[in-house]
Amino acid sequence: MQEPDASQVALTWSGEPGRLEELTHGMLLEQAERAAQALTRYGVRAGDRVAVHLPLVPESVIATLACGRLNAIRTTLPVSLTVPELTARLRESGTQVLITADAAFWDGSVRPVKPVLDHALARSAAAGAGRLPHTVLVVNRCSRPVSWKPGRDKWWHEALAA
């Protein structure tokens, strides 16, 4: 099997009006490697679960590739889940690292993503739901103010740059 040309487009993403992103094979693999390194710094090892609570954005693909590099298990938490549904999935996931977005653009408006997750995490903690994620990596997609828990919450782009 022939290796893809690193300069060829591997991913084209069209999001909110006027926003188009293209990643080449080289860019995608380089970001996946940086994401795998970040996950390793936060304690992810082979067999561990990484929960991904992202809309359909390039970072979701990058997270999947990073989990593959580490032999970690990607657990998908759809952004359409309600707080009770998300709370139940978090309890079942046993994840230590969770990747989410500040917000997402769909149906013509910006919708919260991390605030819903924060409510589910708070509910899980109040119910004594056992092991909850110790790290939440937040992808900045909509540049909106977002609640922040120091020590737990970290920006995705900063984690990949480290």
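**Strand pairing.** I looked up Val 50 and found its bridge partner in β5 to be Val 97. The model is predicted; local features need pLDDT of at least 70, side-chain atom pairs count only at pLDDT 80 or more, and totals for chains, interfaces and linings use all residues. Residues are numbered from 1 along each chain as its sequence is written, and side-chain values use heavy atoms, with hydrogens and water left out.

β3 (residues 49-53) and β5 (residues 97-101) pair in the parallel sense over 4 bridges. Pairing requires at least two DSSP bridges between the strands. Strands (E, at least two residues) and helices (H or I, at least four) are DSSP runs, numbered from the N terminus.

**Sheet.** I then traced the open sheet of 5 strands: the order is β4-β3-β5-β8-β9, with parallel pairing. β4 (73-76) and β9 (153-155) stand at the edges with a single partner strand each, so one side of each has no neighbour in the sheet. The twist averages 25° from one strand to the next; the axes are lines fitted to C-alpha atoms, and angles run from 0 to 180 degrees between N-to-C directions.

**Hairpin.** I checked β6 (residues 103-106) and β7 (residues 109-112), which run antiparallel and are joined by 4 bridges. Ala 103 has Pro 112 as its bridge partner in β7. The two strands form a hairpin with 2 residues between them, and Asp 107 in the turn has a positive phi of about 55°.

**Helix α3.** I listed the buried residues (under 20% relative accessible area; exposed is over 50%, partly exposed in between; 1.4 Å probe, protein chains only). In α3 (residues 83-93) they are Val 83, Leu 86, Thr 87, Leu 90 and Ser 93. They cover an arc of only 130° around the axis, which puts them on the same side of α3; the arc is that of the directions from the helix axis to the C-beta atoms. These buried residues pack against β3, β4, β5 and α4 (114-126), contact meaning heavy atoms within 4.5 Å. Just after α3, Gly 94 takes a positive phi of about 65°.

**Salt bridges.** I noted 9 in the structure, each a side-chain nitrogen of Lys or Arg within 4 Å of a carboxyl oxygen of Asp or Glu. Glu 21 and Arg 141 meet at 2.9 Å, N to O. Glu 21 lies in β2 (residues 20-24) and Arg 141 in the loop between β8 (135-139) and β9, so the pair ties together parts 120 residues apart in sequence. Arg 141 is buried at 7% relative accessibility, while Glu 21 is partly exposed at 21%. Arg 19, Glu 21, Glu 59 and Arg 141 are linked in a network of salt bridges.
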